[in-house]
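Hi,

Here is the structure I said I would pass on. Have a look at it first, and then read on for what I found in it.

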Amino acid sequence: MLQLITITPNWQFYIPGNIRKQIKLNRPTKAKISVKNKKIVIEPIKSKILTGAGMFAGSKPNRKIDVDNIRDFIDYSQW
Amino acid sequence: MVKIKKVFIDTNFWIRYFTKDNEIQYKATVDLVEKIESGKFRPFISAIVFLEINFVLSQLYDKNLKQINKCFDLIMSLRNLVIVNKTDFEKALKWHRNLKIKLPDCLIASCLPDNCVLVSWDKDFNKIKEIDSKKPSEF
């Protein structure tokens, strides 16, 4: 769907809700911006830290631990 | 002007963020990281937390140096992250003696900048009246 938006004197603009919905953009994020065939192309990018969420999912500790009280399982003499 | 809230992220938060050992609590960690990335909160961490993450991942989860360094790089990429390297041992020792809380917990609590909320599941922090501590799900 084509929509008209306004580019402000400070070169800012609003991304309409239905456009955000179409690309599943539901939170503020960083984006890559470039020019292709005289058109502005904006590509939202996932933040680096969020790409690592759950990176060790499925890993089991080698002994029974309680993550809430993780300091009970840290041997400070091993630092 | 809206003042951005300061949050100090504890070790158990990061272990849960990376290991996803508990689905509900993992989701709370991701939600908070998303809020930090959108600029709603300013995150703080200390060198002690990095050392503890290193110990837990290497000694308890058998992760290698490369994997741990990857975690550190990810944490360091957090938007507006501030690393606190200063502790107040006198304050920590007072809490440790008077409240019978583990000394490392007290050292972490002593790192907190003014008006900064400690994000942790460790209930011992609630005993320290001078600091504000909350679970990730409370944000």
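To get your eye in, which residue in strand 2 of chain B stands opposite Lys5(B)? That would be Phe41(B).

Some housekeeping: this is a predicted model, where local features need pLDDT of at least 70 and side-chain atom pairs count only at pLDDT 80 or more, while totals for chains, interfaces and linings use all residues. Residues are numbered from 1 along each chain as its sequence is written, and chains are lettered from A and ligands numbered from 1 in the order in which they are written.

Chain B first. Chain B holds 6 helices and 5 strands; helices (H or I, at least four residues) and strands (E, at least two) are DSSP runs, numbered from the N terminus. Going along the sequence, the pattern of chain B is β-α-α-β-α-α-β-α-α-β-β. The C-alpha trace of chain B spans about 45 × 40 × 30 Å along its principal axes.

Of the 139 residues in chain B, 39% are buried. A residue is buried if 20 or more other C-beta atoms lie within 10 Å of its own, exposed if 12 or fewer, and partly exposed in between, with C-beta atoms placed from the backbone. Among contacts in chain B with a separation of 6 or more, 60% come from residues 24 or more positions apart. Two residues are in contact if their C-beta atoms, placed from the backbone, lie within 7 Å.

Now the sheet. The 5 strands of chain B form an open sheet in the order 3-2-1-4-5, with parallel pairing; two strands pair if DSSP finds at least two bridges between them. Strand 3 and strand 5 (132–134) of chain B are at the edges with a single partner strand each, so one side of each has no neighbour in the sheet. From one strand to the next, the twist averages 35 degrees. Strand 1 of chain B runs parallel to strand 2 of chain B, joined by 4 bridges. Strand 1 of chain B also runs parallel to strand 4 of chain B, again with 4 bridges, and there Phe8(B) has Leu118(B) as its bridge partner.

On to the helices. Helix 3 and helix 4 of chain B pack at an angle of about 145 degrees, and their axes are 10 Å apart. Here axes are lines fitted to C-alpha atoms, for helices over the stretch in contact, and angles run from 0 to 180 degrees between N-to-C directions. Residues of helix 3 of chain B that meet helix 4 of chain B include Phe50(B), Ile53(B) and Leu57(B), and on the helix 4 side they include Ile68(B) and Phe72(B). By class, this contact of helix 3 with helix 4 has 6 nonpolar, 2 polar and no charged residues. For the classes, Ala, Val, Leu, Ile, Met, Phe, Trp, Tyr, Cys and Pro count as nonpolar, Asp, Glu, Lys and Arg as charged, and the others, Gly among them, as polar.

In helix 6 of chain B, the buried residues include Asp105(B), Ile108(B) and Cys111(B). Among the elements covering the buried residues of helix 6 are strand 1 (5–9), helix 3 and helix 5 (89–99) of chain B.

Chain A is another matter. Chain A has 2 helices and 2 strands, in the pattern α-β-β-α. Its radius of gyration is 22 Å, whereas a compact globule of 79 residues would have one near 12 Å. The C-alpha trace of chain A spans about 60 × 25 × 25 Å, and buried residues make up 5% of the chain.

How do the two chains meet? In all, 34 residues of chain B are in contact with 27 residues of chain A. Helix 1 of chain B gives the most to chain B's side, with 7 residues. That side has 17 nonpolar, 6 polar and 11 charged residues.

Thr11(B) counts as buried because it has 25 C-beta neighbours inside 10 Å. Beyond its neighbours within four places in sequence, Thr11(B) is in contact with Ile70(A), Val49(B), Glu52(B) and Ile53(B).

Cheers

Terms used:
Rg over C-alpha atoms; globule rule 2.2 N^0.38 Å.
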